[in-house]
Amino acid sequence: MKKEKIISEIKTAGVVAAAVMGLGACGPKQTQIEDAQTMLYKTDSAASVNPGYKNTTNAIDLYEAKIQSYKDANKNLIKYYAKDYIKHAIKSVYLSKILLAGMEEQILMEVTSLDADESIYESTDIDSRYLTNVRFFRRNKRWYNDLVMYLSDKYNEKQFLNGDFFNVVKNATAKETFEYNTRQIEHLQSVLKTATNRQETIYENLWRQYSGGKQRKR
(Lines give C-alpha, C1' and ligand atoms only; values in the text may rest on other atoms or scores of the structure.)
Protein backbone atom coordinates (compact mmCIF):
# COMPACT_ATOMS: atom_id res chain seq x y z
CA MET A 1 0.00 0.00 0.00
CA LYS A 2 1.31 3.40 -0.94
CA LYS A 3 0.71 5.06 2.44
CA GLU A 4 2.18 2.20 4.42
CA LYS A 5 5.26 2.22 2.17
CA ILE A 6 5.83 5.90 2.92
CA ILE A 7 5.37 5.40 6.64
CA SER A 8 7.71 2.40 6.58
CA GLU A 9 10.44 4.46 4.90
CA ILE A 10 10.05 7.19 7.51
CA LYS A 11 10.07 4.73 10.38
CA THR A 12 13.13 2.80 9.32
CA ALA A 13 15.18 5.98 9.06
CA GLY A 14 13.99 8.91 11.14
CA VAL A 15 12.05 7.05 13.79
CA VAL A 16 14.82 4.60 14.60
CA ALA A 17 17.33 7.44 14.74
CA ALA A 18 15.06 9.38 17.08
CA ALA A 19 14.61 6.33 19.25
CA VAL A 20 18.34 5.86 19.58
CA MET A 21 18.69 9.48 20.69
CA GLY A 22 15.80 9.03 23.10
CA LEU A 23 17.47 6.05 24.72
CA GLY A 24 20.40 8.31 25.51
CA ALA A 25 23.12 6.73 27.59
CA CYS A 26 21.30 3.44 28.01
CA GLY A 27 24.13 1.40 26.59
CA PRO A 28 26.43 1.00 23.59
CA LYS A 29 25.24 2.46 20.30
CA GLN A 30 24.73 -0.97 18.70
CA THR A 31 22.53 -2.00 21.61
CA GLN A 32 20.52 1.20 21.27
CA ILE A 33 19.95 0.50 17.57
CA GLU A 34 18.83 -3.04 18.32
CA ASP A 35 16.47 -1.76 21.00
CA ALA A 36 15.02 0.80 18.58
CA GLN A 37 14.51 -1.87 15.92
CA THR A 38 12.77 -4.09 18.48
CA MET A 39 10.43 -1.24 19.38
CA LEU A 40 9.76 -0.66 15.73
CA TYR A 41 8.91 -4.32 15.19
CA LYS A 42 6.56 -4.33 18.21
CA THR A 43 4.88 -1.13 17.04
CA ASP A 44 4.40 -2.52 13.52
CA SER A 45 2.96 -5.73 14.93
CA ALA A 46 0.56 -3.80 17.17
CA ALA A 47 -0.48 -1.54 14.29
CA SER A 48 -1.19 -4.53 12.04
CA VAL A 49 -3.89 -5.76 14.44
CA ASN A 50 -5.10 -2.39 15.71
CA PRO A 51 -8.72 -1.92 14.44
CA GLY A 52 -8.40 1.85 14.18
CA TYR A 53 -5.13 1.67 12.25
CA LYS A 54 -6.40 -1.06 9.92
CA ASN A 55 -9.69 0.74 9.19
CA THR A 56 -7.90 4.03 8.58
CA THR A 57 -5.39 2.37 6.23
CA ASN A 58 -8.23 0.78 4.25
CA ALA A 59 -9.97 4.15 4.05
CA ILE A 60 -6.78 5.81 2.80
CA ASP A 61 -6.43 3.20 0.04
CA LEU A 62 -10.05 3.79 -0.97
CA TYR A 63 -9.70 7.59 -1.05
CA GLU A 64 -6.49 7.38 -3.09
CA ALA A 65 -8.18 5.06 -5.60
CA LYS A 66 -11.18 7.38 -5.93
CA ILE A 67 -8.95 10.43 -6.39
CA GLN A 68 -7.03 8.65 -9.14
CA SER A 69 -10.28 7.60 -10.77
CA TYR A 70 -11.50 11.21 -11.00
CA LYS A 71 -8.10 12.37 -12.25
CA ASP A 72 -8.12 9.73 -14.98
CA ALA A 73 -11.67 10.69 -15.94
CA ASN A 74 -10.62 14.32 -16.28
CA LYS A 75 -7.65 13.47 -18.47
CA ASN A 76 -9.71 11.21 -20.72
CA LEU A 77 -12.32 13.95 -21.01
CA ILE A 78 -9.75 16.57 -21.99
CA LYS A 79 -8.07 14.28 -24.49
CA TYR A 80 -11.39 13.56 -26.18
CA TYR A 81 -12.42 17.19 -26.59
CA ALA A 82 -8.90 18.34 -27.47
CA LYS A 83 -8.68 15.76 -30.27
CA ASP A 84 -12.13 16.71 -31.51
CA TYR A 85 -11.19 20.41 -31.57
CA ILE A 86 -7.86 19.83 -33.32
CA LYS A 87 -9.43 17.64 -36.00
CA HIS A 88 -12.12 20.20 -36.81
CA ALA A 89 -10.45 23.57 -36.08
CA ILE A 90 -6.88 23.07 -37.33
CA LYS A 91 -6.96 23.40 -41.11
CA SER A 92 -3.43 22.15 -41.75
CA VAL A 93 -3.44 18.37 -41.88
CA TYR A 94 0.30 18.31 -41.15
CA LEU A 95 -0.04 20.52 -38.07
CA SER A 96 -3.12 18.63 -36.92
CA LYS A 97 -1.16 15.36 -36.97
CA ILE A 98 1.67 16.95 -35.01
CA LEU A 99 -0.64 18.36 -32.33
CA LEU A 100 -2.48 15.07 -31.98
CA ALA A 101 0.80 13.17 -31.69
CA GLY A 102 1.91 15.68 -29.06
CA MET A 103 -0.82 14.36 -26.77
CA GLU A 104 0.56 10.82 -26.68
CA GLU A 105 2.14 9.90 -23.35
CA GLN A 106 5.66 9.09 -24.53
CA ILE A 107 5.82 12.16 -26.76
CA LEU A 108 4.50 14.33 -23.91
CA MET A 109 7.28 13.14 -21.61
CA GLU A 110 9.98 13.84 -24.17
CA VAL A 111 8.60 17.22 -25.24
CA THR A 112 8.19 18.53 -21.69
CA SER A 113 11.63 17.24 -20.72
CA LEU A 114 13.06 19.55 -23.38
CA ASP A 115 11.68 22.62 -21.57
CA ALA A 116 14.47 22.65 -19.03
CA ASP A 117 17.38 22.00 -21.37
CA GLU A 118 17.17 22.95 -25.03
CA SER A 119 20.46 21.16 -25.70
CA ILE A 120 18.53 17.89 -25.44
CA TYR A 121 16.97 18.77 -28.78
CA GLU A 122 20.19 17.65 -30.43
CA SER A 123 20.15 14.17 -28.90
CA THR A 124 16.45 13.28 -28.89
CA ASP A 125 15.04 10.73 -31.33
CA ILE A 126 12.05 12.95 -32.12
CA ASP A 127 12.13 14.60 -35.54
CA SER A 128 13.53 18.12 -35.14
CA ARG A 129 10.81 19.52 -37.40
CA TYR A 130 8.22 18.09 -35.04
CA LEU A 131 9.91 19.66 -32.01
CA THR A 132 10.20 23.03 -33.75
CA ASN A 133 6.49 23.08 -34.63
CA VAL A 134 5.32 21.95 -31.20
CA ARG A 135 7.61 24.43 -29.47
CA PHE A 136 6.35 27.28 -31.68
CA PHE A 137 2.70 26.30 -31.22
CA ARG A 138 3.02 26.01 -27.44
CA ARG A 139 4.65 29.43 -27.21
CA ASN A 140 1.98 31.09 -29.33
CA LYS A 141 -1.13 29.15 -28.35
CA ARG A 142 -1.58 29.13 -24.62
CA TRP A 143 -4.46 26.66 -24.72
CA TYR A 144 -2.22 23.98 -26.26
CA ASN A 145 0.58 24.68 -23.81
CA ASP A 146 -1.95 24.32 -20.97
CA LEU A 147 -3.06 21.03 -22.51
CA VAL A 148 0.50 19.68 -22.75
CA MET A 149 1.34 20.81 -19.22
CA TYR A 150 -1.81 19.26 -17.76
CA LEU A 151 -1.54 15.93 -19.56
CA SER A 152 2.12 15.66 -18.49
CA ASP A 153 1.18 16.39 -14.83
CA LYS A 154 2.99 19.74 -14.79
CA TYR A 155 -0.33 21.50 -14.09
CA ASN A 156 -2.98 20.38 -11.62
CA GLU A 157 -6.73 20.68 -12.23
CA LYS A 158 -7.00 24.20 -10.82
CA GLN A 159 -4.13 25.50 -12.92
CA PHE A 160 -5.68 23.95 -16.01
CA LEU A 161 -9.06 25.53 -15.29
CA ASN A 162 -7.37 28.93 -15.00
CA GLY A 163 -5.81 28.49 -18.45
CA ASP A 164 -7.22 29.10 -21.92
CA PHE A 165 -8.31 25.61 -22.89
CA PHE A 166 -12.01 26.03 -22.19
CA ASN A 167 -11.97 29.55 -23.64
CA VAL A 168 -10.88 28.02 -26.95
CA VAL A 169 -12.62 24.66 -26.78
CA LYS A 170 -16.02 26.11 -26.04
CA ASN A 171 -17.96 23.18 -24.67
CA ALA A 172 -20.07 23.83 -21.59
CA THR A 173 -20.69 20.14 -20.86
CA ALA A 174 -16.97 19.35 -20.90
CA LYS A 175 -16.15 22.22 -18.55
CA GLU A 176 -18.98 21.41 -16.14
CA THR A 177 -17.91 17.76 -15.97
CA PHE A 178 -14.27 18.71 -15.44
CA GLU A 179 -15.23 21.18 -12.68
CA TYR A 180 -17.43 18.56 -10.98
CA ASN A 181 -14.63 15.99 -11.03
CA THR A 182 -12.20 18.60 -9.70
CA ARG A 183 -14.50 19.38 -6.77
CA GLN A 184 -14.68 15.68 -5.97
CA ILE A 185 -10.87 15.45 -6.09
CA GLU A 186 -10.47 18.39 -3.72
CA HIS A 187 -13.05 16.98 -1.30
CA LEU A 188 -11.43 13.55 -1.30
CA GLN A 189 -7.97 15.07 -0.83
CA SER A 190 -9.24 16.87 2.26
CA VAL A 191 -10.75 13.65 3.63
CA LEU A 192 -7.54 11.79 2.76
CA LYS A 193 -5.47 14.30 4.71
CA THR A 194 -7.66 13.82 7.78
CA ALA A 195 -7.41 10.03 7.51
CA THR A 196 -3.65 10.22 7.03
CA ASN A 197 -3.27 12.38 10.14
CA ARG A 198 -5.42 9.91 12.05
CA GLN A 199 -3.28 6.97 10.90
CA GLU A 200 -0.08 8.76 11.89
CA THR A 201 -1.51 9.64 15.31
CA ILE A 202 -2.48 6.02 16.00
CA TYR A 203 0.98 4.82 14.99
CA GLU A 204 2.74 7.48 17.05
CA ASN A 205 0.69 6.53 20.12
CA LEU A 206 1.63 2.90 19.68
CA TRP A 207 5.27 3.88 19.18
CA ARG A 208 5.28 5.94 22.38
CA GLN A 209 3.68 3.05 24.22
CA TYR A 210 6.47 0.63 23.28
CA SER A 211 9.36 3.09 23.36
CA GLY A 212 8.18 4.36 26.75
CA GLY A 213 7.91 0.81 28.04
CA LYS A 214 11.44 0.08 26.88
CA GLN A 215 12.83 3.11 28.64
CA ARG A 216 11.04 2.34 31.88
CA LYS A 217 12.57 -1.14 31.97
CA ARG A 218 16.07 0.30 31.91
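Reader: Is Lys42 buried, exposed or partly exposed, and what is its relative accessible area?

Author: Buried means under 20% relative accessible area, exposed over 50%, and partly exposed in between (1.4 Å probe, protein chains only). Lys42 has a relative accessible area of 37%, so Lys42 is partly exposed. This is a predicted model, in which local features need pLDDT of at least 70 and side-chain atom pairs count only at pLDDT 80 or more, while totals for chains, interfaces and linings use all residues. Residues are numbered from 1 along each chain as its sequence is written, and side-chain values use heavy atoms, with hydrogens and water left out.

Reader: Where is Lys42 found?

Author: Helices are DSSP runs (H or I, at least four residues), numbered from the N terminus. Lys42 belongs to helix α2, residues 29-49. In sequence, Lys42 and Ser211 are 169 residues apart, yet their C-alpha atoms are 9.5 Å apart in space.

Reader: What does the side chain of Thr56 reach?

Author: A polar contact is a pair of N or O atoms within 3.5 Å; within protein, one must be able to donate a hydrogen and the other to accept it, and residues adjacent in sequence count only if both atoms are side-chain atoms. The Thr56 side chain reaches the backbone oxygen of Gly52 at 2.7 Å. Thr56 sits in helix α3, residues 51-89, and counts as buried because its relative accessibility is 10%. Contact means heavy atoms within 4.5 Å. Leaving aside neighbours within four places in sequence, Thr56 is in contact with Ala195, Arg198, Gln199 and Ile202.

Reader: How many residues has the largest nonpolar core?

Author: In soluble globular proteins, nonpolar side chains tend to be buried together. A nonpolar core is a set of buried Ala, Val, Leu, Ile, Met, Phe, Trp, Tyr and Cys residues joined through side-chain atoms within 4.5 Å. The largest one here has 26 residues, and Ile78, Ile86, Tyr144, Leu147 and Phe165 have the most contacts inside it. Helix α7 supplies the largest share of this core, 6 residues. Leu147 touches Ile78, Ala82, Met103, Phe160 and Phe165, not counting residues up to four places away in sequence. A second, separate core of 9 residues includes Leu40, Tyr53, Tyr203 and Leu206.

Reader: How many aromatic pairs are there?

Author: Rings of Phe, Tyr and Trp (its six-membered ring) pair if their centres lie within 6.5 Å; planes under 30 degrees apart count as stacked, over 60 as edge-to-face and the rest as tilted. The count comes to 14 aromatic pairs. Phe137 and Tyr144 are edge-to-face because their ring centres are 5.5 Å apart and their planes at 80 degrees. Both Phe137 and Tyr144 are buried.

Key:
Helices (H or I, at least four residues) and strands (E, at least two) are DSSP runs, numbered from the N terminus.
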